[in-house]
Amino acid sequence: MINKLINRCVALLLSLFVALPAFSAQHVAVHPRPSIDSAEQATIREIVDMERQAREASIRRDAEFSQRTLAEDYVAITPLGQVTTKQDTVSARKSGQLRYDTINVSDMVVRVYGDTAVVTARADVKGHQLGEDFSGPYRYTRIWVRRTGHWQAVSYQATVTQ
């Protein structure tokens, strides 16, 4: 039971996504604020697109996406408190031992603070790692930072939900 939970958590975090059948079916909530401007709306659209790309990269096991979009100091924290790095994530993608069938994201909220964006969402995942099923519902938070004009994920945390 514990090994299954550990595999489930590690698999989700190492692949970084969490993240999603048709992205168009996902609900993205942006809480209206009087001060939201067109630049912030454009940033939200960019982040939603980065999340879509992250989902697709997870399903395709695209290690290049992780190499390109994870910051060198990237840290992910599993529901059991394990810490994983950029290199851990890239290695997990390259190994082929981790397979996602589907990732459906819903309840996504994007909040922008200058060159930082915080994403919270729900992900219903179907997949296997080393033959172990880690399918189930999760909630996650990902933090993106714009550096030299490009968005990089700097932090990710997932929690298994009921």
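Buried here means under 20% relative accessible area, exposed means over 50%, and partly exposed is what lies in between (1.4 Å probe, protein chains only). With that settled, a word on the model itself. This is a predicted model, so local features need pLDDT of at least 70 and side-chain atom pairs count only at pLDDT 80 or more, while totals for chains, interfaces and linings use all residues. Residues are numbered from 1 along each chain as its sequence is written, and side-chain values use heavy atoms, with hydrogens and water left out.

**The overall layout**

The protein has 4 helices and 8 strands; these are DSSP runs numbered from the N terminus (H or I and at least four residues for helices, E and at least two for strands). Along the sequence the order is α-β-α-α-β-β-α-β-β-β-β-β. Of its 162 residues, 46% count as buried. The accessible surface comes to about 7,900 Å², and carbon and sulfur atoms hold 53% of that. Those areas come from the Shrake-Rupley method with a 1.4 Å probe, and for residues only the protein chains shown count as cover.

**Helix α2 and its ends**

Helix α2 covers residues 38–60, which is 23 residues. How far apart are the end C-alpha atoms of α2? They are 33 Å apart, which agrees with the 33 Å that the helix should span at 1.5 Å a residue. That expected span is 1.5 Å times one less than the number of residues.

Just after the helix, Arg61 takes a positive phi of about 55 degrees.

**Helix α4**

Helix α4 (residues 86–95) has Lys86, Thr89, Val90, Ala92 and Arg93 as its buried residues. Seen down the axis of α4, they fall within an arc of 160 degrees, so they line one face of the helix. The arc is that of the directions from the helix axis to the C-beta atoms. Thr85 caps the N-terminal end of α4, a side-chain oxygen lying 3.4 Å from the backbone nitrogen of Gln87. After the helix comes Gly96, with a positive phi near 75 degrees.

**How the strands pair**

Two strands count as paired if DSSP finds at least two bridges between them. Strand β2 (residues 70–77) runs parallel to strand β8 (residues 150–160), joined by 4 bridges, and Leu70 has Ala153 as its bridge partner in β8. Strand β2 is also joined to strand β3 (residues 83–85), this time antiparallel and over 3 bridges; Ile77 stands opposite Val83 there.

Strands β4 and β5 (residues 116–129) pair in the antiparallel sense over 13 bridges, with Lys126 in β5 as the bridge partner of Thr102. Their hairpin has 2 residues between the strands, and Gly114 takes a positive phi near 65 degrees.

**Salt bridges**

The structure holds 13 salt bridges, each defined as a side-chain nitrogen of Lys or Arg within 4 Å of a carboxyl oxygen of Asp or Glu. Here are some of them.

| Pair | N to O distance |
|---|---|
| Arg146 and Glu46 | 3.7 Å |
| Arg60 and Asp62 | 3.2 Å |
| Arg139 and Asp107 | 4.0 Å |

Arg139 lies in strand β7 and Asp107 in strand β4 (residues 98–113), so the pair ties together parts that are 32 residues apart in sequence. Arg139 is partly exposed at 40% relative accessibility, and Asp107 is partly exposed at 38%.

Arg146 is partly exposed at 24%, as is Glu46 at 35%.

Arg60 counts as exposed, at 51% relative accessibility. Asp49, Arg52, Arg55, Glu56, Arg60 and Asp62 are linked in a network of salt bridges.

Technical notes. Polar contact = N/O pair within 3.5 Å; in protein donor to acceptor, adjacent residues only side chain to side chain.
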